[in-house]
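Reader: I would like to learn how to read the features of a model one at a time. Could you give me the general idea and then the case at hand?

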Amino acid sequence: MEKIQEVSQPIGSTNFPAGFVISYPLREPVELIPGPTIVHQHAASKLLDRLMGLVLNDHTRKIGIYGMGGVGKTTLVRNLNNMLAEGSSSAQPFDIVIWVTVSSITDLHGIQFQIARRLGLRNELRGESKERGTNILLEELKKEKKFLLIMDGVWEKIDLDKVGIPQGEDFLGCKIILTSRSLDVCNQMETNENIRVDGLNDEAGWELFGNYVGDLPDVEEIKSLAREVAQACMGLPPAIKVVGSSMRGKKTVGFWRDALEGLRRSAIIIEPAEEVFLPLKWSYDSLQGKNIQSCLLYCSLFPKDFSIGEGELIQYWRAEGLLDESMNPEESSDTTGVALIEKLKNSCMLEPGNHQGTVKMHDIIREFALWMVSSSKDGSKFFVQSDMGFNKMMIGEGMHDSIKRVSLIGGELSEIPKYLAGCSRLSTLFLQSNPLKKIPKEFFLGLKALRVLNLSGTLIESLPKEVGELSNLRLLNLSWTGALESIEAHTISSLSSLEVLDMYESGYGWNLKGEVDEESATLEELLHLKGLYFLRIRVYSNAHLPLDLDWLKRLTSFQIYIGHNRGDRDWLPLQAGERVVEIDGDVEHLAKCAEGMLSIAIDLDLKGGIINGIWELSKSIQLQCLKSLNIYECQVRKLMIRREDVQHEVLPNLEEISLTAIENVENIWEEMVASGGGRRFPKLRKIAVIHCEGLKSLIPYDFLQELDNLEDIYVRNCSNMEEIFGAKVVDENTPKIVSTNVADRNALPKLRILTLGVLPRLRCICQETFSLPALEMITVERCDDLRRLPFSTGNANKIREIEGEEEWWKKLEWEDDDTKLNLQKYFKASVSHVYPLPRAFLLDNE
């Protein structure tokens with residue numbers, strides 16, 4: 001608010017031709033982190049209460065949480081984080097809570113980047129040295145009056161000064177919580193208070209075990225055996241969950257005897273130092289299904305607490321031959337791959353990640369998986385950097401032939417280690433998020449077995465033709481390689497087995513033959529990749545794109561960006577079955593150049609150009625498959641206009657439309673109502689409108705009957721919006737209604753969610769009263785003039801949540817006291833100023 005006051009005068013006195021737009025929402029003080037609650041666990045709740053007391057104590061600056069792996073340290077601090085998020089915003093003790101996951105070997109740059117992301121500074125840190133990053137963070141954190149830094153999984157002392165964390169008597173606004181397996185590490189970090197977390201006692205362990213095993217038969221011997229099985233999990237919550245899930249539904253004494261004996265047999269072969277793995281080993285051996293154990297072990301290649309996109313994981317499994325390669329990619333993804341992930345989640349070997357559509361491994365299960373592959377005797381060992389540090393990394397003499405998969409994610413590698421070149425059986429190589437600039441031409445010549453190569457997030461500038469020698473390569477990830485400007489001709493087209501090519505946000509733009517020199521790879525080369533099913537690229541050409549329609553249809557998923565400008569938004573990972581086209585620039589010309597791909601596109605994003613009318617565009621180009629339309633920062637002369645053929649469905653399969661910073665539009669549905677006719681948007685489910693300053697209302701009253709399937713409306717930062725649903729059409733000279741097509745009281749029969757934010761002129765949702773029979777949730781933020789909600793005693797039976805500021809709720813006017821009284825129990829005071837955003841604003845996992 002202080003900054004708004006500072007810039008109000010310049011804004012008022014300066015002409016901004018393109019408008020003044022803030023593209024991203026305000027930062028929330030605390031981010032909710034998915035995870036199990038410990039509210040009903042007596043011992044854990046006592047620890048949480050103690051921790052909260054220390055956090056709120058002004059004299060406690062650093063708090064250490066320590067205990068052996070798997071006892072619940074991370075769960076404890078996650079619950080603290082989420083308690084802070086759920087508290088009242090007015091009573092929030094911190095301006096911001098920053099969560100950092102620390103790998104087992106301290107990576108200062110990785111820590112800095114996670115902090116920068118929460119502060120909205122990640123672009124400022126890209127490409128900067130650690131020293132420069134330290135200065136940037138230090139200056140920014142000094143601006144925060146009070147913040148809490150949670151560092152999860154600290155294995156050795158971290159120099160907070162080198163990270164950029166302000167400390168000392170001159171700065172008392174900083175509090176730090178760290179979790180570690182070692183009390184010595186806590187002491188080295190100079191913690192004021194330490195909390196030890198132990199495993200669950202027998203009764204608590206038995207209670208948790210019961211949650212996962214379900215109801216047991218009323219047989220005393222089974223219950224006795226079950227207690228012994230639970231005790232064999234040594235009080236470790238992850239082990240209890242895994243074993244309990246494995247035994248769910250087992251109803252005979254024999255099953256329980258076999259389980260207990262299996263656990264005891266495992267104890268014989270496991271060294272005392274690894275006894276924590278005993279119950280996990282038994283559950284791992286119990287996994288049923290082809291390659292399911294190998295699929296689980298593959299997940300250990302990713303760093304600690306890393307959220308893995310489910311679609312991405314299935315791609316790796318398929319490329320490695322762990323899924324049935326005789327099935328087409330869509331079948332292997334939708335059936336086998338998804339089923340495997342669900343089976344591993346149901347067995348608690350995998351858990352939901354931090355973002356929708358992602359999974360991750362619990363620390364102790366990941367360590368177990370790495371222990372399993374390290375003891376492998378079939379020549380299928382993994383080599384994972386995050387658990388040994390780059391200074392210690394070296395494949396020993398005679399080990400080259402036994403190494404099958406190597407993960408060197410997120411380190412400080414400026415060049416590819418030479419000792420990898422001799423790993424002739426290597427099938428997966430993860431090099432992402434390293435400052436690599438060059439790939440030696442001879443490096444890949446000895447890696448003929450390589451199937452998966454991930455170079456995303458590196459600084460490579462060119463891709464030599466020797467990469468084309470990888471005849472078995474099935475997946476090549478070059479996303480986020482902004483420095484990549486050169487790919488030699490015939491490099492990509494020589495990869496005869498390639499199935500996945502991901503070049504999202506790569507600096508390399510594909511052109512046609514004749515538009516670039518003969519030494520560079522061209523768009524036509526991609527047509528030689530007969531097995532390709534997943535493609536993300538940037539196309540620079542302004543000419544007609546000669547991508548064969550049959551070839552395009554073989555791609556189960558693609559995301560093709562057409563335009564010379566670099567994108568400035570992060571998206572969620574492309575999911576199986578999505579076909580996205582983004583056009584940036586001369587929209588109508590480029591759309592005609594890409595007519596073939598647009599005819600099968602499911603998502604279309606238009607940015608930065610002039611649009612004469614979506615209706616006209618849909619007449620000249622087939623958009624029959626389109627489900628999602630997103631328009632950003634365009635000058636729109638007419639949007640949804642139609643003048644003829646009144647029975648025609650404009651976009652018959654459109655389900656979502658999102659408009660952001662659209663200029664010159666006062667009425668989205670112009671002339672749609674007056675033209676009459678049947679349903680033009682029969683499947684539309686969601687409308688999102690952000691920073692459209694010209695709009696005074698969202699949907700004309702007479703057009704509501706067109707939207708029988710609309711479920712979700714999101715409106716934010718539209719400064720002139722006065723009402724959501726427009727009034728009935730009346731003659732200017734008389735008070736009589738002249739519309740012959742008026743919506744009835746049962747309009748919008750499926751609308752479930754209504755989200756309204758920062759609409760300073762909004763006075764009503766609708767001047768007319770109608771039932772909104774399916775409405776379940778309303779979120780209102782900073783709509784100070786909105787005094788009435790469209791509810792009465794007769795139409796509020798479905799509502800389950802109303803979220804908004806406390807002061808706003810108190811000032812609302814009601815038709816009767818009974819309505820307010822009935823809805824009071826569903827009101828929830830706002831925690832933050834950020835609400836769920838449409839697709840264009842969602843951040844990917846980084």
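Author: The cut-offs are under 20% relative accessible area for buried, over 50% for exposed, and partly exposed in between, with a 1.4 Å probe and protein chains only. This is a predicted model, in which local features need pLDDT of at least 70 and side-chain atom pairs count only at pLDDT 80 or more, while totals for chains, interfaces and linings use all residues. Residues are numbered from 1 along each chain as its sequence is written, and side-chain values use heavy atoms, leaving out hydrogens and water.

Reader: Where is Arg782 found, and what is its phi near?

Author: For the general idea, most residues other than glycine have a negative phi, and most peptide bonds are trans. Arg782 has a positive phi, near 55°. Its place is the loop between strand E32 (777-781) and strand E33 (801-804). Those labels come from DSSP runs numbered from the N terminus: helices are H or I runs of at least four residues, strands are E runs of at least two.

Reader: How many helices and strands are there in the chain?

Author: The chain has 23 helices and 34 strands. Of its 846 residues, 52% are buried. Taking contacts (heavy atoms within 4.5 Å) between residues at least 6 apart in sequence, 68% join residues at least 24 apart.

Reader: How do I read a pair of helices, and at what angle do the axes of H2 and H3 cross?

Author: Two packed helices are described by the angle between their axes and the distance between the axes. Axes here are lines fitted to C-alpha atoms, for helices over the stretch in contact, and angles run from 0 to 180 degrees between N-to-C directions. Helix H2 (residues 42-56) and helix H3 (residues 73-86) have axes that come within 10 Å and cross at roughly 60°. The pair is therefore oblique; under 35 degrees would be roughly parallel, over 145 roughly antiparallel, 65 to 115 roughly perpendicular, and the rest are oblique.

Reader: Which residues of H2 and H3 meet?

Author: Ala44, Leu47, Leu48, Leu51, Met52 and Val55 in H2 pack against Leu76, Val77, Asn79, Leu80, Met83 and Leu84 in H3. Sorted by class, that contact has 11 nonpolar residues, one polar and no charged. Nonpolar covers Ala, Val, Leu, Ile, Met, Phe, Trp, Tyr, Cys and Pro, charged covers Asp, Glu, Lys and Arg, and the others, Gly among them, are polar.

Reader: At what angle do H15 and H16 cross?

Author: The axes of helix H15 (residues 310-319) and helix H16 (residues 329-346) come within 10 Å, crossing at roughly 110°. H15 and H16 are therefore roughly perpendicular. Among the residues that meet are Leu313, Ile314 and Trp317 in H15 and Val338, Leu340 and Ile341 in H16. The classes in this contact are eight nonpolar, three polar and three charged residues.

Reader: Loops next. Is Ser456 buried or exposed?

Author: Ser456 counts as buried because its relative accessibility is 11%. The residue lies in the loop between strand E12 (452-454) and strand E13 (462-463). Its side chain makes a polar contact with the side chain of Asn454 at 2.7 Å. A polar contact is a pair of N or O atoms within 3.5 Å; within protein, one must be able to donate a hydrogen and the other to accept it, and residues adjacent in sequence count only if both atoms are side-chain atoms. Leaving aside residues up to four places away in sequence, Ser456 touches Gln432, Ser433, Asn477, Ser479 and Thr481. Of these, Ser433 has a positive phi, near 60°, and sits in the loop between strand E11 (428-430) and E12.

Reader: And in a strand, which residues does Leu604 touch?

Author: Leu604 lies in strand E21 (residues 603-607) and is buried, with a relative accessible area of 2%. Beyond residues up to four places away in sequence, its contacts include Val581, Ile583, Leu598 and Leu629. Leu604 and Leu629 are 25 residues apart along the chain, with their C-alpha atoms separated by 5.1 Å.
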